[in-house]
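Open the model in your viewer and keep the selection tool at hand. This tour goes stop by stop.

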Amino acid sequence: MIRYTLTRGVLLIAGLLVSSVLIFLTLRVFPGDVAQLIAGTQASPATVEALREALGFNRPLVVQYGEWIGGVLSGDLGTSQLSGASVGAELAEKAQVTVPLGLMALVIAMLIAVPLGILSALWRGRASGTALSVTAQALAAVPVIWAGMMLIVVFAVWLGWLPAQGFPRGGWDHPWQAFRALILPALTIGIVEGAMLLRFVRSATLQARGQDFVRTAAAKGLSRNRALVQHGIPAVGLSIVTVLGLQVAGIIVGSVVIEQLFTLPGIGRMLVADVGTRDLIKVQSELLVLTGLVLVVGFVVDLIHHFVDPRQREAA
Amino acid sequence: MPNWLRVLWGGATGRFGLITVLVIALVALISVFWTPFNPFDANVRDRWAAPGWPHLLGTDNTGRDILSLVMAGTRTTVFVSVGAGIVATVVGIALAALGALTARWIRETVAVLVDILIAFPVLIIAMMISSVWGGSLWVVIWAVGIGFGVNIARVTRPELRRVQQSDFVLAGRAAGLTPAQNLLRHLLPNVAPVFIVQLSWSMAVAVLAEAGLSYLGFGASVVEPSWGILLSDLQRYISIHPLSVIWPGLAITITVLALNLLGDALREATDPTLRHRSAETHTPAVVA
């Protein structure tokens, strides 16, 4: 057990390190002259030189990398080269929109996927089961932006129930308004991610159906579906946790697009803006935080999986 | 007709996927030579024409014909998804070969690297590339290609190793084939099925990614025909002309659905164990 956690932990740290090197190299080395890039093609050589000096780009790369990572480890994500504001502070502020949005989307996705996925497996062969899985298949192919636009058309334009865009100026000072502003965006991500998750729940349930212990329970007098719900589903729960971990990446990505569509002041929109203005140091730290998040979720999911599933524990 | 193609054609899923993908490719080809109107011809007198004759899907805020714009967008979509498919193939095969056929320490390093790279969402790769080189369709191609190449490598690697240990590869080696010859003649053809399925799925992701990234400004430029650009153009008028955004969205959804279904059907057609299982339990034709 301890051995597994340690091995997996080492892999996590390696993952974070490799990610940071990849991000650093892509953003600092490949573009060639970063100072020129920031200053623009019109800038005079003197301006570029001054900028290079000021931002410390004239020092060896290893030193620059070490300084960045050292800062990140001590909680300093650096400062924006355009506004001079602290990246960490801005991330924390924007997280107040993105984190609740992501959590709401996750809850919606699960509320859709788990019951409907199990039902569509139980109803397999019936028209209702086929209809469910066809709908899920189609919804999973819908681009998130378009799904969001359709929801805006129905719930904001036609029915006028919910705001189409924006977030209250004071943020969570007006909890109800803030919550209302997040409903449509969260629904958008939740429905599309939920449709993808539904397919996994369905196939996991179908797999459980073929397991020996479910058959045994059925042979002992439980109805096939009862046997599946009582014995099969708990066993399936675990693989759902794994897939859910993967969905977190989908939700993070979805939130970048959706924040743009609903003009929400979150991390995704901040990132898009920073990539646009080429605030490279900021982008560098933001990308590392996002990738780190995905890696950490993967780590946690693996550990849960390992400790809950006795078969995996024995195998280790 | 090869057996897998017959199986593919035999199922409703595969048939729908195959026909739709062919139709999309055809529309893309036609749009190079002909669209009902010039997709970029603005005619202010015709702005917001309702769907009907001669503008079958109506016009946008500058009087451009929406059907022509959607048709021309198909071109971009096909270009991007084929491009991403090629990059994914090269990256995937190279990583899988490195991870399966080389010295042990290289194999293990590559395996760990692939595991780490898989955690990088395509969008993050796209942002990394885009913040350096600016937005373009190449950003989408490289981001999806790299992102899915890693996936392909992960799925193909164990398959490659399994085949490598099989008798005919050993026989080939004994007969004096070089590792490269063995790779081309015996290994690749045998892992092709696994790999084609992945390819089909990565092309579907490429279509979605093109739309999303172009919408965000990392993909197609505003003067290129693209479903994502069209969505973001029309979005500004969504409260006045809500129905116009339906067409590009439908085009994306149908394309992605077709590629997904094609991938599913290919998987069933090329995986004998799966085919056997679904045959004995009478799975409905369109399964998730």
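**Stop one: the cavity lining**

Begin with the lining of the largest cavity: six of its residues are nonpolar, one is polar and three are charged. Here Ala, Val, Leu, Ile, Met, Phe, Trp, Tyr, Cys and Pro count as nonpolar, Asp, Glu, Lys and Arg as charged, and the others, Gly among them, as polar. This is a predicted model, in which local features need pLDDT of at least 70, side-chain atom pairs count only at pLDDT 80 or more, and totals for chains, interfaces and linings use all residues. Residues are numbered from 1 along each chain as its sequence is written, chains are lettered from A in the order in which they are written, and side-chain values use heavy atoms, leaving out hydrogens and water.

Select B:Phe40, B:Arg64, B:Leu69, B:Val222, B:Glu224, B:Pro225, B:Ser226, B:Ile229, B:Leu230 and B:Asp233 to see the lining. Lining residues have an atom within 4 Å of a cavity point, and a cavity is a set of points on a 1 Å grid, over the protein atoms alone, where a 1.4 Å probe fits but cannot get out. Now color helix 9 of chain B, residues 227-235: this helix gives the most to the lining, with three residues.

How much space lies in the largest cavity? About 70 Å³. That volume is the space filled by probe spheres set on the points, with grid points joined across faces, edges and corners. A search of the whole structure finds one cavity of 30 Å³ or more.

**Stop two: where the chains meet**

Show both chains. The contact (heavy atoms within 4.5 Å) takes 45 residues from chain B and 49 residues from chain A. The buried area is about 4100 Å², and carbon and sulfur atoms give 79% of it. Buried area is the accessible area (1.4 Å probe) that two parts lose on being put together, summed over both.

Zoom in on A:Arg199 and B:Asp264. Their side chains meet in a salt bridge, at 3.2 Å from N to O. The rule asks for a side-chain nitrogen of Lys or Arg within 4 Å of a carboxyl oxygen of Asp or Glu, and finds one such bridge across this interface.

Next, select helix 4 (104-117), helix 5 (122-133), helix 8 (179-216), helix 9 and helix 10 (246-270) of chain B; these elements each give two or more residues to the side that touches chain A. Helix 10 gives the most, with ten residues. By class, this side of chain B has 33 nonpolar, eleven polar and one charged residues.

**Stop three: whole chains**

Zoom out. Chain A has 13 helices and zero strands. Chain B has eleven helices and zero strands. Helices (H or I, at least four residues) and strands (E, at least two) are DSSP runs, numbered from the N terminus.

Notes. On a 1 Å grid over the protein atoms alone, a cavity is a set of points where a 1.4 Å probe fits but cannot get out, and a pocket is an open set with protein on both sides within 12 Å along at least five of seven lines; lining residues have an atom within 4 Å of a point.
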